[in-house]
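Here is my note on the model you sent over. Read each point with the structure open beside you.

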Amino acid sequence: MKTMSYKALYRTYRPVDFTEVAGQKHITTTLKNALKNNKVAHAYLFSGPRGTGKTTIAKILAKAVNCVNSPVDNPCNKCVNCLGIQDGSINDVIEIDAASNNGVDEIREIRDKVRYLPGYVKYKVYIIDEVHMLSTGAFNALLKTLEEPPAHVIFILCTTEPQKIPLTIHSRCQRFDFKAITPAEITAKLHEIIETEHIQIEDEAVDQIALYAEGGLRDALGLLDQAYSYSPNFIKVDDVNQICGALSLKSQMDIVGAILKMNASEAISLMDELMVAGKEAQKICQNLIQFFRDILVYKNVGFNDSTPKLYQNENFSTLAKTISNRRIFFYLDILNKAANDIKWSNNPRLYLELALIKMTDEEPESDAKIWKNFSDLESRIQKMEQAPVVEKIVEKVVEKPKEVKAQVEKPVFVEPKKSVQEEPNILDNIEDETKPDVSFEPEPTLFEEVNEPAIIQTPIKGQKSPNLDVSFDSVSAKISKTITPIKTTSLTNTYNIEFVEEVLNNGNRDDKNYLINHWYQLVRSNPTGVNEQYASLFQSGELKASSFDKVIVVFDNPATCNRLMKPSVKLIMKSVIKNAFDREIEYMALPTDVFQTISDEFAYLWRQGKRDIKLSPIVSTDLRDVSQESEDSTAKTESKIVTDALNIFGDLVRVKKQ
Ligand SMILES: [Zn+2]
């Protein structure tokens with residue numbers, strides 16, 4: 001019967017010398033040099049993924065050191081020693097599977113026998129596979145032997161998990177790291193065997209086997225064996241997929257297509273079909289991860305030697321072009337989480353289903369981003385509309401009324417072609433006492449290059465205008481016809497632009513840097529209680545400008561600003577700041593985007609040569625007038641205590657909580 005005499009391919013085609021080994025050139029070359037020069041070590045540690053040739057190379061090494069013709073860099077495989085070791089009749093080469101011989105006794109036995117000279121050949125070679133499985137006791141016993149190995153003994157320790165091996169063992173071995181064999185190398189090896197064995201198989205099937213083997217040649221040969229028994233006449237790619245319980249490329253593309261179309265029900269019904277056909281949720285999930293990873297690699301690297309031929313078709317490249325990297329990362333995140341959940345779940349289907357729904361859902365993060373950008377834009381527009389009103393009212397007396405309408409329609413500041421934020425480094429290097437401490441401040445020479453935008457000319461104060469008799473009412477009436485006024489008065493109590501103007505106009509870089517460098521002291525100096533709470537909230541902000549006794553701190557979340565600007569919180573913060581910097585500093589908390597708008601305006605005016613700059617009022621839909629609000633009751637009580645204490649003891653009070 002054929003099956004009785006049948007020998008597994010991986011046994012038949014196990015390399016017998018270094019030249020037959022697939023991949024691992026870095027290892028075979030080093031070993032051959034050592035053999036040639038008689039520099040073979042007494043202990044080796046071979047680590048690497050399964051099926052990458054660790055024990056195979058160990059066995060070749062064992063033959064080479066013992067070959068009758070030694071020193072040779074490759075066993076002859078013809079002499080009695082080579083043949084005897086190959087067929088196992090020479091028992092001086094001992095293979096031990098630590099997974100089944102993990103006891104101290106077995107290793108002790110090795111230790112005892114190690115002393116005896118080999119019976120037939122020059123070296124006793126112990127090949128210990130899966131050495132990480134040894135018990136601690138066994139490791140200790142092994143270590144004793146490794147400390148003083150007899151000259152006639154060579155240990156070759158093989159492991160897939162080198163990190164589980166004690167360092168004391170590592171340090172006594174020469175270590176070789178085996179690499180996963182590339183799909184191209186596996187494919188090449190498979191084709192050799194297919195030719196010799198006259199196996200009928202389509203090329204895509206070979207590629208698919210190489211892909212599933214995940215770097216292990218032994219697995220690849222095992223799969224080829226299985227596929228051959230499954231379909232002895234002609235192996236097709238579907239046969240291979242069938243055997244692996246994996247998705248065919250087509251069904252992967254179908255599911256991915258449904259995901260890209262945001263069609264959850266189609267994706268789930270495709271998943272159902274696969275599961276009915278016997279695919280496991282875990283496998284489907286892993287396949288999808290692999291598939292998206294492959295798309296990512298293709299998108300960023302293109303096809304190379306290791307790209308399976310399977311992918312080298314138009315459908316794949318078209319698909320790859322339609323997905324952005326960011327989107328793939330988004331999918332991979334979801335699938336990785338699902339794969340992890342599936343591993344520990346009794347209901348893996350549920351997690352795969354959830355993952356598919358998540359992937360076909362709109363991305364919540366990007367939505368949030370769009371909304372944020374939208375509201376930023378909105379507040380900028382409002383600000384632009386708002387600004388002319390304010391300036392116009394100031395200027396009304398000196399302007400000709402007929403010009404007003406035209407000017408009103410122009411924005412008060414328009415960022416010229418040059419983006420100032422691109423040049424912060426230039427500024428930091430300039431030592432200019434007269435410059436405000438605003439990090440966006442550009443170099444003076446750059447000003448000339450900047451195109452002048454259409455801007456309302458602010459007349460010099462006190463300058464007489466021929467049309468002084470223009471009444472305020474007639475001008476403002478004209479203005480109110482052209483633009484819709486926005487309520488901003490409610491904000492000025494809390495978010496007073498004069499505060500910002502003062503800080504920006506009197507900015508002090510040294511002080512700002514000092515505070516930034518000591519920002520951590522906020523929490524450190526307020527280690528407990530309510531102070532700590534507010535200190536860490538405040539510390540999460542970024543100091544943007546400082547004028548010694550006033551600072552502007554920005555936060556991403558406007559709600560944080562509203563909270564920090566409440567009078568009751570300011571009171572607590574007073575002692576928090578005092579504890580940290582030993583001085584009183586007033587602050588304004590502003591949302592990052594609001595401050596950005598303000599600093600753009602300031603930078604623009606500064607570049608116009610203006611000083612003692614006046615800015616447009618703060619406009620934001622997210623900010624509130626909190627000048628009359630107090631913090632929640634707990635904080636209120638605490639702040640009441642603080643207030644009382646401050647009233648009684650003044651600055652001597654340090655607020656600490658048990
Ligand atoms: Zn030989």
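**Notes on the model**

1. The side chains of Lys113 and Glu109 meet in a salt bridge, 2.7 Å from N to O. A salt bridge here is a side-chain nitrogen of Lys or Arg within 4 Å of a carboxyl oxygen of Asp or Glu. Both residues lie in helix α6 (residues 104-114), 4 residues apart, about one turn of the helix. An α-helix has 3.6 residues a turn, so residues three or four places apart point the same way. Lys113 is partly exposed at 40% relative accessible area, and Glu109 is partly exposed at 41%. Buried means under 20% relative accessible area, exposed means over 50%, and partly exposed lies in between (1.4 Å probe, protein chains only).

2. A word on the source. This is a predicted model, where local features need pLDDT of at least 70 and side-chain atom pairs count only at pLDDT 80 or more, while totals for chains, interfaces and linings use all residues. Residues are numbered from 1 along each chain as its sequence is written, and side-chain values use heavy atoms, with hydrogens and water left out.

3. Now the overall picture. The protein has 32 helices and 8 strands. Helices (H or I, at least four residues) and strands (E, at least two) are DSSP runs, numbered from the N terminus. Of its 658 residues, 48% count as buried. Take the contacts in the protein with a separation of 6 or more: residues 24 or more positions apart account for 76% of them. Contact means heavy atoms within 4.5 Å.

4. Look next at the metal. Which residues coordinate the zinc ion? They are Cys67, Cys76, Cys79 and Cys82, each through SG, at 2.2 to 2.3 Å. Donors are N, O and S atoms within 2.8 Å of the metal (3.2 Å for Na, K and Ca); water is not among the atoms, so sites may look incomplete. Along the chain, the donors follow the spacing C-x8-C-x2-C-x2-C. The site is tetrahedral, with angles of 103 to 118 degrees among its 4 donor atoms. Four donors count as tetrahedral if all angles lie between 85 and 135 degrees. The ideal angle for four tetrahedral donors is 109.5 degrees. Cys67 is buried, at 2% relative accessible area, whereas Cys76 is partly exposed at 25%.

5. Turn to the sheet. Strands β6, β7 and β8 form an open sheet in that order, with mixed pairing. Two strands pair if DSSP finds at least two bridges between them. The edge strands are β6 (542-546) and β8, and each pairs on one side only. On average, neighbouring strands of this sheet are turned by 30 degrees against each other, direction ignored. Axes are lines fitted to C-alpha atoms, for helices over the stretch in contact, and angles run from 0 to 180 degrees between N-to-C directions.

6. Where does the mixed pairing show? β6 and β7 run antiparallel, joined by 4 bridges. Strand β7 (residues 550-555) and β8 run parallel, joined by 6 bridges.

7. Lys550 and Glu586 meet in a salt bridge (3.8 Å, N to O). Lys550 lies in β7 and Glu586 in β8, so the pair ties together parts that are 36 residues apart in sequence. Lys550 is buried at 11% relative accessible area, while Glu586 is partly exposed at 45%.

8. Strand β8 (residues 586-591) is mostly covered, with 5 of its 6 residues buried. Helix α25 (residues 497-505) is mostly covered as well, with 7 of its 9 residues buried. Among them are Ile497, Phe499 and Glu501. The buried residues of α25 pack against β6, β7, β8 and α31.

9. Finally, the remaining charges. The structure holds 17 salt bridges. One of them joins the side chains of Lys189 and Glu192, at 3.6 Å from N to O. Lys189 and Glu192 are 3 residues apart in helix α9 (residues 183-197), about one helical turn. Lys189 is buried at 11%, whereas Glu192 is partly exposed at 47%. Asp272, Arg349 and Glu353 are linked in a network of salt bridges.

Methods:
Tetrahedral: all angles 85-135°; square planar, octahedral: opposite > 155°, others 65-115°.
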